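User: I'm new to this one. Could you walk me through how to read a few of its features?

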Amino acid sequence: MGKSLSLVMPTSDMGGSSRNYMEYQFHTALNQTTDDFDIVVSDQTSDDWIEKRCEYYSDRLDIKYHRFNGPKRLPNNTNNALKLATGKILKPLFLDDIMLDETVVETYIAVHDQNPDSHWAFGSFGHFDNETPDQLGRFMSPKWNDQIYLYNTLGNPSVMSVKNDPDLPLMDETFIWVVDIEWYKRLQMKYGMPLGIERVLIGIRLHDDSMSSSITDEVKNEENERVRNMYEAVENDKV
């Protein structure tokens, strides 16, 4: 096992904004109050800019760069990064989301250290858009609900952390719309309830090039129906 925490970062072109987003990630990583973490980059951008920037920062940050040539889908790319990560704690961080201050990594590590029986955790978060990046709003604290596979009350994977485990369930790559919340349901079934962190740690970027912005209503309806059929049967078996 490696560092206490791995920042797990799947990267893609993001409508041409990947360079700006990635540079910001490097700067926030450099400012963290602990160096007991590494960054695992699974890269699917169309050029070698991120690879070269990883090399540039490698004397100051512990970066493990990987070019992923698999299907260009966020679940596949995220799974690849998760499988490559060696930290005791895995902390997904999507390219377009941000850590809000210099203590974020230290906070996630401390939460797991202080709660050794809990396997996973979610931080609170806010939202911002590209036009007003300094204006954080729509704050949310993570809350569990028994139909998490239909209604996301926890947040996207950028706000979560999970202990590394050889048997860690991965994202179901057949989903795209409900991929995160379906994953949460399987994590809960394996590890129990997640911890909630009241402090706001992550900023979620709202923009037209996000994965969810391109998903059609047809796909959304099909996946909602499929995941409902999967887990309502599970819930009914408990009654």
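User: Where is the place of M14?

Analyst: Helices (H or I, at least four residues) and strands (E, at least two) are DSSP runs, numbered from the N terminus. M14 sits in the loop between β1 and α1 (18-30). This is a predicted model, where local features need pLDDT of at least 70, side-chain atom pairs count only at pLDDT 80 or more, and totals for chains, interfaces and linings use all residues. Residues are numbered from 1 along each chain as its sequence is written, and side-chain values use heavy atoms, leaving out hydrogens and water.

User: Is M14 buried or exposed?

Analyst: Buried means under 20% relative accessible area, exposed over 50%, and partly exposed in between (1.4 Å probe, protein chains only). M14 has 14% relative accessibility, so it counts as buried. Its phi is near 50 degrees, a positive value in a residue other than glycine. R138, in strand β7 (residues 132-140), has a positive phi of about 50 degrees too, though it is not a glycine. R138 counts as exposed because its relative accessibility is 56%.

User: How many aromatic pairs are there?

Analyst: Rings of Phe, Tyr and Trp (its six-membered ring) pair if their centres lie within 6.5 Å; planes under 30 degrees apart are stacked, over 60 edge-to-face, the rest tilted. That rule gives eight aromatic pairs. One of them is Y149 with Y231, tilted, at 5.2 Å centre to centre and 35 degrees between the planes. Y149 lies in the loop between β7 and β8 (160-163) and Y231 in helix α6 (residues 217-238), so the pair ties together parts 82 residues apart in sequence.
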